[in-house]
Amino acid sequence: MVSNSAKRAMPQRARKEEDKEARRRQLLDAALELYRATSYAEVKMADVAERARLAKGTVFLYFPTKEALFLALLEEQLFAWFARLEETLARGEGRWTGARVARTVAESLEGEEPLTRLLARLQTVLEQNVTAEQVRGFKERLLEAVVRAGALVEKRLSFLEPGEGVRFFLHAHALVVGLRQMADLAPVVREVHEAAPHLEPLRVDFIRELTEALAGLLRGLEAR
């Protein structure tokens, strides 16, 4: 039998957990807003706290480092994207080809610039100053998502062998990182391009080039 004091303690603990999750949500939303408007280097933890209307010290109670905050933000963005992509791959009607899969994956990243920008910083920045516990949790979830999505791609493309769906997403990640870095022009480079139209062939259209690269990868696998 549960005592009255225990009954009172349970709702209090629940409220505390709700409050903690609400503050965490505020911090992630604030970080995303600032990141959309500026860059990773320009976002300061104090700015995040101010945007979230929380004390500066509160940020560090939830995220001990800036990298930990942005890895959590990437994790949230990435797994939401995987969920949407899996739904599209699962429900799509008609004949699936390598070109269709490539287009589907690339176009699913339309408007996901914060996600692709964060992916471009994953190995070099975001995984450099975080705890092993946070990284382990992220990697475990990532493996599950990649395996699920890879299995769906293998189901759609009969020429893929078991396990090649996972490799497809590993290669897709490498392409996203490289093309996002090439597509994001520094202000001075953008100024030079605008003043010199003959340099236009060097400008990278992220979605178009990603589509072509993924389609080429799958054509090679099909032609074996």
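**Aromatic pairs and charges over rings**

Both Trp 81 and Phe 82 are buried, a term that denotes under 20% relative accessible area, with exposed standing for over 50% and partly exposed for the range in between (1.4 Å probe, protein chains only). The model is predicted, so that local features need pLDDT of at least 70 and side-chain atom pairs count only at pLDDT 80 or more, whereas totals for chains, interfaces and linings use all residues. Residues are numbered from 1 along each chain as its sequence is written, and side-chain values use heavy atoms, with hydrogens and water left out.

Six aromatic pairs are found in a search of the whole structure, where rings of Phe, Tyr and Trp (its six-membered ring) pair if their centres lie within 6.5 Å, and planes under 30 degrees apart count as stacked, over 60 as edge-to-face and the rest as tilted. The pair of Tyr 40 and Phe 70 is edge-to-face, because the ring centres are 5.0 Å apart and the planes stand at 75°. This pair links distant parts of the chain, 30 residues apart, with Tyr 40 in the loop between helix H1 (4-37) and helix H2 (45-52) and Phe 70 in helix H4 (residues 66-91); helices are DSSP runs (H or I, at least four residues), numbered from the N terminus. Tyr 40 and Phe 70 are both buried. For Trp 81 and Phe 82, the centres are 4.9 Å apart and the planes at 55°, so this pair is tilted. Trp 81 and Phe 82 form one aromatic cluster with Phe 168 and Phe 169.

Charges also sit over rings, as defined by NZ of Lys or CZ of Arg within 6 Å of the ring centre and within 35 degrees of the ring normal. The charged end of Arg 117 is placed over the ring of Tyr 35, 4.1 Å from its centre, while Arg 180 lies over the face of Phe 206, at 4.2 Å from the ring centre.

How values were computed:
Helices (H or I, at least four residues) and strands (E, at least two) are DSSP runs, numbered from the N terminus.
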